[in-house]
Amino acid sequence: MSLNAKDLGALFDMSRDAVAAVENGAVVYANPAAQSMFGLRPGLSAAALLPEEALSDPAERFACMTRLGGRSVSSAVSRRDGLAIVFLAGEQTEASPLSDRALREFGNDLLTARLAIDAVVKGGSPEQDPRLREYTALLYRSYYRLKRLHSHLTLSAGLRQESLPMKQRLIDLEPLFRDLCDTVAQLVRPMEIELRFEAEKLEGYAAADAGMLETMLLNLLTNSLLRTPAGGVIRVSLSQLGSRFILAVDDGGTGIPPERLSGLLSGSPAAEATDPAAGAGLGLAIARGIAEAHGGTLILESRQDAGTCVRVSLPRADPKSVDTLRQPEIAYRTDGMNAVLTELSVALDKSIYTKTMFD
């Protein structure tokens, strides 16, 4: 049986949740909640509801974020009979975010802890004592997990306040992402997980902060690693669609239940409580925020027990802005292995975290 606007009205008119539907590039249905909360109504262009990259995405069910009425809105999309049915929810905000002072104190304590760990390790011989070597690995990995949490809280606050310290310049995305994937592939090999990277020939550059894009991809890879068993494969691809670059991270892991997709993208506390692989529940929300800060869109598609695919659409730099940005350089890394070991610390085996790795 095919659905139409009348059927949707019977299903959703009495719902307190905002629901709308798109067909042939236009909004064809908006329930009373969607009309009152977001000003949606039949006849509006579909672009008023979802970004073009989400409207053209081929997935049958996915989640993404958009802005409606000046608000950041979580959208869960389900396609059926030519309709894209969109379930909308305002983004959750943290009840009591850490203050700047608390984040600084957290960072100072982390530095003190690192110095203490180095001193303890220096006084022993972990290379000769297997037990001390194991304890050292646990200490270093725990330190980097705390460092990751501090970084995520800081980034989350910056995204919420729209105050990220962006250093944009022209970026050739292919060498940036290929180099990062090559590094991660070496680290996950002992876990018997294969990471593959492939890229089409791209035209043009992205106007972006290379460090932020690395953080974004590392968070996406962490999400896949946590859900990919030994023997699994994670595929990263980079392609171009018109004036936009498409970065995709696709795994064959355990997947994410559909009802949790929107919560993970918004950093909802409920995502952490219901998803044991979500960690602090900020990784995907931060990746989404970084994509949006670059004028992009992140789409999360997951098939439970069949894997997850995340697609990030990033705009190509406007040729008119090329003269105002620094010309591209191939050597983008400024933090060495530090960022990789920090962002992947919740997914990598502790054996990676040896004194030699940090020297």
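**Reading aromatic pairs and positive phi**

E192 lies in the loop that runs between α6 (173–188) and β7 (194–199), where helices (H or I, at least four residues) and strands (E, at least two) are DSSP runs numbered from the N terminus. This is a predicted model, in which local features need pLDDT of at least 70, side-chain atom pairs count only at pLDDT 80 or more, and totals for chains, interfaces and linings use all residues. Residues are numbered from 1 along each chain as its sequence is written, and side-chain values use heavy atoms, with hydrogens and water left out.

Student: What is the phi of E192, and is E192 buried or exposed?

Tutor: Most residues other than glycine have a negative phi. In E192, phi is positive, near 60°, and the residue is exposed at 55% relative accessible area, given that buried means under 20%, exposed over 50% and partly exposed in between (1.4 Å probe, protein chains only).

Student: How should I read an aromatic pair, and how are F12 and F87 arranged?

Tutor: A pair of aromatic rings is described by the distance of the centres and the angle of the planes. Rings of Phe, Tyr and Trp (its six-membered ring) pair if their centres lie within 6.5 Å, with planes under 30 degrees apart counted as stacked, over 60 as edge-to-face and the rest as tilted. By this rule there are three aromatic pairs. The ring centres of F12 and F87 are 5.6 Å apart with planes at 85°, so this pair is edge-to-face; it links distant parts of the chain, F12 in helix α1 (residues 5–12) and F87 in strand β5 (residues 83–90), 75 residues apart.
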